[in-house]
Amino acid sequence: MDSLSIRNTFLDFFVEHGHRRYESASLIPQDPTVLLTIAGMLPFKPWFMGDATPPTPRATSYQKCARTNDIENVGHTTRHLTFFEMLGNFSFGDYFKREAIRWAWALSVEHYRLDPERIWVTVYEDDDEAEQLWLAETDIPAARIQRLGAEDNYWWTHAAGPGGPNTELYYDRGEAYGHAGGPAVDDERYLEFYNLVFMQHELDDAGNVLGQLPALNVDTGLGLERMAVLLQGVDNVFETDLFAPLLARAGELSGTAYGEDAERDVSLRVIAEHARTSAFLIADGVLPSKEGRGYVLRRLMRRAVRHGQLLGMDIGSSGQQLLLPMVEQVIEQMRPSYPDLERQRSLITRVAGAEETDFGARIRQGLERVDQAITSARSTGDDAPAFPGEVAFELHDTFGFPIDLTAEIAADAGLSLDRGEFDALMQQQRERARAAAKKGSGGIPAETYREAAAQVGTTDFLGYRGLTAEAEL
Ligand code: ATP
Ligand code: MG
Ligand code: MG
Ligand code: MG
């Protein structure tokens, strides 16, 4: 089943069960408590909270999502992306656990035709009701239901808002993928594909339950790319129809064949994945900057450039290009579902091109500085050598290395990074800059992008909203 059919199968199923269909909202959420749209429920949050009344009590949607907490998983696990599509069915004070569980099972087994004997579920340790309903409403035996604690099976936004226990569906991909014993033991062999949240509590920003929500809600998410892994019989999200052409393009540009070397494969996946996320972020109005969403974008693009470098590319100065042709490929491939990509083509390519030229010109020297620092840290004979915060600051200031990228490179070399010293130096610099009323160096100044955006000048461009939001962060 191709990814388009996976999406339509989901939406059609829930429309047939009385849900109203919604198109994807922007990656820039209306909700000020989160940086990016991290889940399909976010556009509906006022309805869940009882702050507004939905036109119908059942909804289904496909939603573009971006998650920064998964950046360093990308390329290394078979299942994590920083940008993915979440398919969801939602109940606003209408149906609750029974229907959500029954429909999740019917969809998985009858429509997606997953082998019912390989499905496992987890429930929250205190949620007897959910376990009883799994046993009563589906064919799943008690032996394939596991209970997990709050960390895994209690959902909330980590800010004041709704929360509640959840139940997750997993698929056993077999021995070749890892250890037996269910998802509690191995979350790569048992691939989580669908998550049902039973929103019943209102929480404060520390996670304390303040009380019951005015109505019992259901919020679910099924990962399109993960379902594609299961239905297309491939090993990981990068080999699905959604990614294979991007991976191939990254291979062409860097002269690297996929599937020959594990480390180089990681780099190819990172390049393909981060280019995809970057294109979508820019299309929704995010521009590279030092903070907030803009920092996320910059970090992704620079991480991709670093992986191009690891594959032996010389990006920037010598004219080799990676990000620019990659985002073009993303637009080609994804525009049938996301026409905004085509509308923002000129902005996306300009931003990607400018960022890689700027950072590409500096990264080689920066990496030399990194190597020196690693060598000298190791030569101290210390058991746990540290990467000096001072060098991290210099890398940031002179060579445009996002701190998280430096931390990652240091960690790859077995060094921890002194973040406290880095933060102190950053603070001093900010104070100096404020005193001198001049800007610090952080790569291409925001005005350049603002000009580029103004020249593009389409009516539905959201960049200015993005810039305002950034100033508030
Ligand atoms: P995992 O435990 O594998 O990190 P999760 O529990 O964090 O996943 P949820 O927050 O429950 O994921 O999101 C709902 C669904 O969205 C998941 O069941 C999965 O199918 C999909 N999903 C979540 N995170 C990602 C990601 N980083 N890349 C691709 N799909 C994802
Ligand atoms: Mg996760
Ligand atoms: Mg999980
Ligand atoms: Mg989950």
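User: Which residues in helix 8 do L246, L247, A250 and G251 in helix 7 meet?

Analyst: This is a predicted model, in which local features need pLDDT of at least 70 and side-chain atom pairs count only at pLDDT 80 or more, while totals for chains, interfaces and linings use all residues. Residues are numbered from 1 along each chain as its sequence is written, and chains are lettered from A and ligands numbered from 1 in the order in which they are written. Helices (H or I, at least four residues) and strands (E, at least two) are DSSP runs numbered from the N terminus, and two residues are in contact if their C-beta atoms, placed from the backbone, lie within 7 Å. On that basis, L246, L247, A250 and G251 in helix 7 meet L268, R269, I271, A272, A275 and R276.

User: How do the residues of the contact of helix 7 with helix 8 divide by type?

Analyst: Ala, Val, Leu, Ile, Met, Phe, Trp, Tyr, Cys and Pro count as nonpolar, Asp, Glu, Lys and Arg as charged, and the others, Gly among them, as polar. The contact of helix 7 with helix 8 accordingly divides into 7 nonpolar, 1 polar and 2 charged.

User: At roughly what angle do the axes of helix 7 and helix 8 cross?

Analyst: Axes are lines fitted to C-alpha atoms, for helices over the stretch in contact, and angles run from 0 to 180 degrees between N-to-C directions. The axes of helix 7 (residues 244-254) and helix 8 (residues 262-283) come within 9 Å. They cross at roughly 115 degrees.

User: Which element gives the largest share of the shell around ligand 1?

Analyst: Ligand 1 is surrounded by 16 residues, the closest being L81, F84, N195, G221 and G223; a residue counts as near if its C-beta atom, placed from the backbone, lies within 6 Å. Two or more residues come from each of strand 3 (83-92), strand 8 (190-203), strand 9 (209-223) and helix 6 (224-232). By type, the shell holds 6 nonpolar, 4 polar and 6 charged residues. The largest share, 4 residues, comes from strand 8.

User: Is K64 buried or exposed?

Analyst: K64 is found in strand 2 (residues 58-66) and touches S24, L27, T37, F83, E85 and F280, not counting residues up to four places away in sequence. A residue is buried if 20 or more other C-beta atoms lie within 10 Å of its own, exposed if 12 or fewer, and partly exposed in between. Because K64 has 23 C-beta neighbours inside 10 Å, it counts as buried.

User: How far apart in space are R21 and S61, C-alpha to C-alpha?

Analyst: R21 lies in strand 1 (residues 20-22) and is exposed because it has 12 other C-beta atoms within 10 Å. Leaving aside its neighbours within four places in sequence, R21 is in contact with L11, V15 and T60. R21 and S61 are 40 residues apart in sequence, and their C-alpha separation is 5.7 Å.
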